[in-house]
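Here are my notes on the model you sent over. Have it open while you read, and follow along point by point.

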Amino acid sequence: MCRIFAVVLALLFSIGAVSAQVVGDKPIRMMVGFTPGGSADLAARAVVEGMGAALGRPIVVENRPGAGSIVAAVAVARSDPDGSTLLFGSISLSVQAAIDPALPLDMLNDLIPVGLVSEAPNVLVVNPQIPVRTVRDLVAYAKGQSLSFSSGGIATTQHLAGEMFKEAAGVDIVHVPYKGSGPALNDLMGGRVHLMFDNLSTSMQLIKAGKLRVLAVTTPRRTRQLPDVPTMVEAGFENFENSVWFGVFAPKNTQRDVVNRVAAAISTALADPRAVARYEALSMDVLRSESPQRFAEFFRRDVERWKATVIKTGIKVEKN
């Protein structure tokens, strides 16, 4: 009887050990809810190689843009909870949860926060052909012209920053959403739209090349990358803060051991000086959430912060 009991225990332990691993030997999919070349895509590609090495399996970035990253989030939430499909999410998830009560998923319960990765400021940029040099110039110009602003999608931080700006400045500017920062920036440079609140990681080279003019940063303090550019607060917009964080999520019901293993892989990847250098080149800072539990707390607080912002500003997002 004792031998039988011992065998049963051994089998149970073996089953538990296997299920606690990231199963199979196929590549892990890291879904990104925006187009290639955007800030989320670049931030994901800067960490997946190191994560894959730590996990002993390659990680393939799969871009699935749409609905401000909700298309990718839903796909991951409905995937097998075995660690083989992950989401490279961003602050856009918090904004979506705060602003849209009719989402096709419960953001706080259908996804498991695994680990924070990086953070980057947003900047207010305009087409250089517009005769403005400061935010005050832009407000005055907008009151006499029909202007439009682009974003990487409805209910992204880019969109919400534009709506916040309209509300605070008392101007009417048309929102033109795209499926990612890349096409939004292309139309901004082409003059089909006039301004944009974009992530610095995707705008920096265009600013340096003179293809965009930067008017302000949305961080509480000036950034080290653009020390001569004022903040929106300095431009007269009190409490205007709109930075972007990025992190990894797993489907609900993913076993805690699997979540912890992926979290450890993120920490290992971000400890590599080569990864730090990649993020610095993208005008981003590395973030570490210490544990999935800490990231979950951070994510919940961020959703509540954006809910308060939506209520305070009265912003409403109409989906076409």
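**Notes on the model**

1. Start with the pairing of strand 1 (residues 28–32) and strand 3 (residues 85–90): four bridges join them, and they run parallel. Helices (H or I, at least four residues) and strands (E, at least two) are DSSP runs, numbered from the N terminus. Two strands count as paired if DSSP finds at least two bridges between them. If you want a spot to look at, Met30 stands opposite Leu86 in strand 3.

2. A word on what you are looking at. This is a predicted model, where local features need pLDDT of at least 70 and side-chain atom pairs count only at pLDDT 80 or more, while totals for chains, interfaces and linings use all residues. Residues are numbered from 1 along each chain as its sequence is written, and side-chain values use heavy atoms, with hydrogens and water left out.

3. Six strands make up an open sheet with mixed pairing, in the order 2-1-3-10-4-11. Its edges are strand 2 (59–63) and strand 11 (285–286), each of which pairs on one side only.

4. Helix 3 (residues 70–77) touches strand 1, strand 3, strand 4 (111–120) and strand 10 (244–251), and its direction makes about 150° with that of strand 3. Helix 4 (residues 91–99) touches strand 3 and strand 10, at about 80° to the direction of strand 3. Contact here means heavy atoms within 4.5 Å. The axes are lines fitted to C-alpha atoms, for helices over the stretch in contact, and angles run from 0 to 180 degrees between N-to-C directions.

5. How enclosed is helix 3? Seven of its eight residues are buried, so helix 3 is largely enclosed by the rest of the structure. Buried means under 20% relative accessible area, exposed over 50%, and partly exposed in between (1.4 Å probe, protein chains only). The buried ones are Ile70, Ala72, Ala73, Val74, Ala75, Val76 and Ala77. Their cover includes strand 1, strand 3, helix 4, strand 4 and strand 10.

6. Ile112 sits in strand 4 and is buried, at 14% relative accessible area. Apart from neighbours within four places in sequence, Ile112 is in contact with Val248, Phe249, Ala250, Pro251, Lys252, Asn253, Thr254 and Val259.

7. Thr35 is worth a click. You will find Thr35 in the loop between strand 1 and helix 2 (39–55), and it counts as buried because its relative accessibility is 13%. A polar atom of its side chain lies 3.2 Å from the backbone oxygen of Lys179. That is a polar contact: a pair of N or O atoms within 3.5 Å, where, within protein, one must be able to donate a hydrogen and the other to accept it, and residues adjacent in sequence count only if both atoms are side-chain atoms. Beyond four places in sequence, the contacts of Thr35 include Asp41, Asn63, Pro65, Gly180 and Ser181.

8. Strand 9 (residues 213–217) has five of five residues buried, so the rest of the structure largely encloses it. Strand 9 runs antiparallel to strand 5 (residues 122–126), with four bridges joining the two. Val126 stands opposite Arg213 in strand 9.

9. Buried or exposed: which is Arg133? Arg133 is exposed, with a relative accessible area of 61%. Its place is the loop between strand 5 and helix 5 (135–142). Neighbours within four places aside, Arg133 is in contact with Arg213 and Leu215.

10. Thr219 lies in the loop between strand 9 and strand 10. Thr219 is buried, at 11% relative accessible area. A polar atom of the Thr219 side chain is 2.5 Å from the backbone oxygen of Arg221. Not counting residues up to four places away in sequence, Thr219 touches Pro121, Thr231 and Ser243.
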